[in-house]
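Thank you for asking for a note on this structure. The points below are meant for someone who has not looked at it before.

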Amino acid sequence: MDNDDGLSKLSAAIAEFAEQRDWDQFHNPKNLAMALAAEAGEILDHFQWLSQSEADSLGATQRHEVVMEMADVLMFLLRLADKLQVDLLKAAEEKLELNRHRYPVEKVRGRATKYDKL
Ligand SMILES: [Mg+2]
C-alpha cells in the first residue's frame with residue numbers, strides 16, 4: 001500500500017496502537033479473521049429483528065453505534081491485510097474488475113441474481 005494514502009496511515013496508526021499495548025502477539029491472521037467476523041456480527045446485532053423501515057431510519061445514538069462497529073470492521077480488516085501483506089485497495093480494484101466481468105450490465109441490471117445462476 002502506498003505510504004501516503006489514508007488507509008496506509010490508518011493501518012500504521014493501528015499497528016502503533018497494538019505495539020504500544022504489546023497486543024501484536026495476539027494479532028495473528030486466525031485471531032484477526034475471527035475478530036473481523038465478530039465485529040461484523042456486532043453490526044448485524046443492531047439490525048436484527050428490525051423492520052425494513054426501522055432499519056432504514058436508525059436513531060442518532062444507534063446509528064453512531066453502528067458507525068463505531070463499522071470502524072471496528074475496517075480496523076480489523078486493515079490489521080489482517082497488514083499481517084498478510086495485502087494491498088487492500090489493489091485487491092478491491094482487482095475484485096471490482098472481476099465483478100464487472102461476472103455481472104455484465106446488460107445481463108444483471110435491476111436483478112440480484114448471483115453470477116453462477118445467470
Ligand atoms: Mg465492536
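1. Basis of the note. This is a predicted model, in which local features need pLDDT of at least 70 and side-chain atom pairs count only at pLDDT 80 or more, while totals for chains, interfaces and linings use all residues. Residues are numbered from 1 along each chain as its sequence is written, and side-chain values use heavy atoms, with hydrogens and water left out.

2. Helices α2 and α4. Helix α2 covers residues 29-47 and helix α4 covers residues 60-83, and the two pack at an angle of about 165° with their axes 9 Å apart. Helices here are DSSP runs (H or I, at least four residues), numbered from the N terminus; axes are lines fitted to C-alpha atoms over the stretch in contact, and angles run from 0 to 180 degrees between N-to-C directions. The pair is therefore roughly antiparallel, a term for angles over 145 degrees.

3. The magnesium site. Which residues hold the magnesium ion? The ion is coordinated by Glu39, Glu42 and Glu69 through OE and by Asp72 through OD, at 2.1 to 2.2 Å. Donors are N, O and S atoms within 2.8 Å of the metal (3.2 Å for Na, K and Ca), and as water is not among the atoms, sites may look incomplete. Along the chain, the donors of the magnesium ion follow the spacing E-x2-E-x26-E-x2-D. Glu42 in helix α2 and Asp72 in helix α4 are 30 residues apart, and this pair links distant parts of the chain. Glu42 counts as partly exposed because its relative accessibility is 32%, and Asp72 counts as partly exposed at 23% (buried means under 20% relative accessible area, exposed over 50%, partly exposed in between, with a 1.4 Å probe and protein chains only).

4. Helices α1 and α4. Helix α1, residues 6-20, packs with α4 at an angle of about 85°, with their axes 9 Å apart. That makes α1 roughly perpendicular to α4, the class for angles of 65 to 115 degrees. Their contact includes Leu10 and Ile14 in α1 together with Leu74 and Leu78 in α4, and its residues divide into 8 nonpolar, 1 polar and 2 charged.

5. His46. Is His46 buried or exposed? This residue of helix α2 counts as buried, because its relative accessibility is 14%. Leaving aside residues up to four places away in sequence, His46 touches Gln62, Glu65, Val66 and Glu69.

6. Two loop residues. Asp22 lies in the loop between α1 and α2 and has a positive phi of about 55° although it is not a glycine. With a relative accessible area of 77%, Trp49 is exposed.

Note on methods:
Parallel < 35°, antiparallel > 145°, perpendicular 65-115°, else oblique. Contact = heavy atoms within 4.5 Å. Nonpolar A, V, L, I, M, F, W, Y, C, P; charged D, E, K, R; others polar.
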